[in-house]
Amino acid sequence: MQFTFDVMELLTKNKKFVFIAISATLVTMMVWSSLTLQAQSAVMEFDKTNFHTPLKIDNKYFPLEPGTTMIYTGMSEDGESFRNVFVVTNETKVILGMHTRVVHDDAYVKGEHEEKTDDWFAQDDEGNVWYMGEYTTDLTNGGSHEGSWEAGKNGARAGIVMEAQPKVGDKYEKVCVPYGCFSEVVKTEDINPLEPDIVENKYYAQNIGEIKAEMVKGGSEVETLVQIKNTE
């Protein structure tokens with residue numbers, strides 16, 4: 001099943017990280033849980049009045065519970081090991097007059113801390129999770145904040161990272177990662193019009209979120225979930 005969303009500006013140049021988005025363009029996400037695909041498109045526009053409890057992010061495929069830490073590891077195509085630590089915080093940031101949830105994302109390559117990012121999310125009343133921006137610091141490039149953006153500033157727009165109810169078929173994929181095996185997994189194909197030679201598949205499990213990301217065009221990197229911790 002195919003969904004088309006109008007989303008934000010390009011977030012990051014490093015495909016090891018969890019999220020990719022584009023501004024003033026269309027990114028096509030093919031979402032399915034079986035090998036049988038049925039096409040349907042849905043375009044959603046951001047409307048602040050649709051967010052009464054934006055910090056309550058309980059989407060079954062993208063839950064963000066404060067105190068949760070998700071750890072991902074993988075290997076780049078040139079043989080370098082990498083690790084991402086994704087921490088859902090109690091911090092908030094006001095964007096477009098609305099409170100959003102702050103998530104810390106730290107990236108390590110061969111054990112070295114190379115990038116740190118604050119990502120901002122909110123959930124609308126229907127249960128769709130929106131990506132509202134990020135503030136990234138490249139620790140390998142003098143602390144550069146290149147790629148940082150915020151919805152509502154300099155033409156950047158918010159966009160959906162996960163729909164409330166992805167429409168899927170009756171047959172479901174089963175995906176195993178170091179953290180465990182999951183059925184009824186939603187698979188997305190992320191296509192960036194600004195980088196047409198790169199295609200990435202991502203896999204989301206119910207009540208967990210993203211469990212795997214793999215490049216299927218333009219590289220061979222695979223990132224998998226290895227651990228979840230909750231401090232709350």
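Visitor: Where in the chain is Asp124 found?

Guide: Asp124 is found in the loop between E6 and E7. A strand here is a DSSP run of E with at least two residues, a helix is a run of H or I with at least four, and both are numbered from the N terminus. Please keep in mind that this is a predicted model, in which local features need pLDDT of at least 70, side-chain atom pairs count only at pLDDT 80 or more, and totals for chains, interfaces and linings use all residues. Residues are numbered from 1 along each chain as its sequence is written, and side-chain values use heavy atoms, leaving out hydrogens and water.

Visitor: Why does Asp124 count as buried?

Guide: Buried means under 20% relative accessible area, exposed means over 50%, and partly exposed lies in between (1.4 Å probe, protein chains only). Asp124 has 8% relative accessibility, so the residue counts as buried.

Visitor: What does the side chain of Asp124 reach at 2.9 Å?

Guide: That is the backbone nitrogen of Asn128. A polar atom of the Asp124 side chain also lies 3.0 Å from the backbone nitrogen of Glu126. A polar contact is a pair of N or O atoms within 3.5 Å; within protein, one must be able to donate a hydrogen and the other to accept it, and residues adjacent in sequence count only if both atoms are side-chain atoms.

Visitor: What is Asp124 in contact with, leaving aside its neighbours within four places in sequence?

Guide: Asp124 is in contact with Asn50, Phe51 and Trp130, where contact means heavy atoms within 4.5 Å.

Visitor: What makes Gln123 count as buried?

Guide: Gln123 has 6% relative accessibility, so this residue falls under the limit for buried. Gln123 belongs to strand E6, residues 112–123. A polar atom of its side chain sits 3.3 Å from the backbone oxygen of Lys56. Residues that Gln123 touches, beyond those up to four places away in sequence, include Phe51, Thr53, Lys56 and Val129.

Visitor: Why is the link of Cys176 and Cys181 called a disulfide?

Guide: The rule asks for a pair of cysteine sulfur atoms within 2.5 Å. The sulfur atoms of Cys176 and Cys181 are 2.0 Å apart, so the pair qualifies. By this rule the count comes to 1 disulfide. The link is right-handed, with 110 degrees about the S-S bond.

Visitor: Are Cys176 and Cys181 buried, partly exposed or exposed?

Guide: Cys176 has a relative accessible area of 45%, so it is partly exposed. Cys181, with 48%, is partly exposed as well.

Visitor: What makes E10 and E11 a pair?

Guide: Two strands pair if DSSP finds at least two bridges between them. E10 (residues 173–177) and E11 run antiparallel and are joined by 4 bridges, so they meet that rule. The two form a hairpin with 2 residues between them, and Val175 stands opposite Phe182 in E11. E11 also pairs with E12 in the antiparallel sense, over 6 bridges; there, Ile191 has Val199 as its bridge partner.

Visitor: Which residue in the turn of the E13 and E14 hairpin has a positive phi?

Guide: Gly218 does, with a phi of about 90 degrees. E13 (residues 209–217) and E14 run antiparallel, joined by 3 bridges, with Lys212 opposite Thr224. E14 (residues 222–230) also pairs with E3 (residues 68–75) in the antiparallel sense over 8 bridges, and there Thr73 stands opposite Thr224.

Visitor: How many residues does the largest nonpolar core have?

Guide: The count is 38, and Phe62, Leu64, Phe121, Met132 and Ile211 have the most contacts inside it. The largest share, 4 residues, comes from strand E7 (residues 129–138). A nonpolar core is a set of buried Ala, Val, Leu, Ile, Met, Phe, Trp, Tyr and Cys residues joined through side-chain atoms within 4.5 Å.

Visitor: What is the mean pLDDT of the chain?

Guide: The mean is 79, and 77% of the residues reach 70 or more; pLDDT is the predictor's confidence in each residue, from 0 to 100. Over residues 1–42 the pLDDT is below 50.
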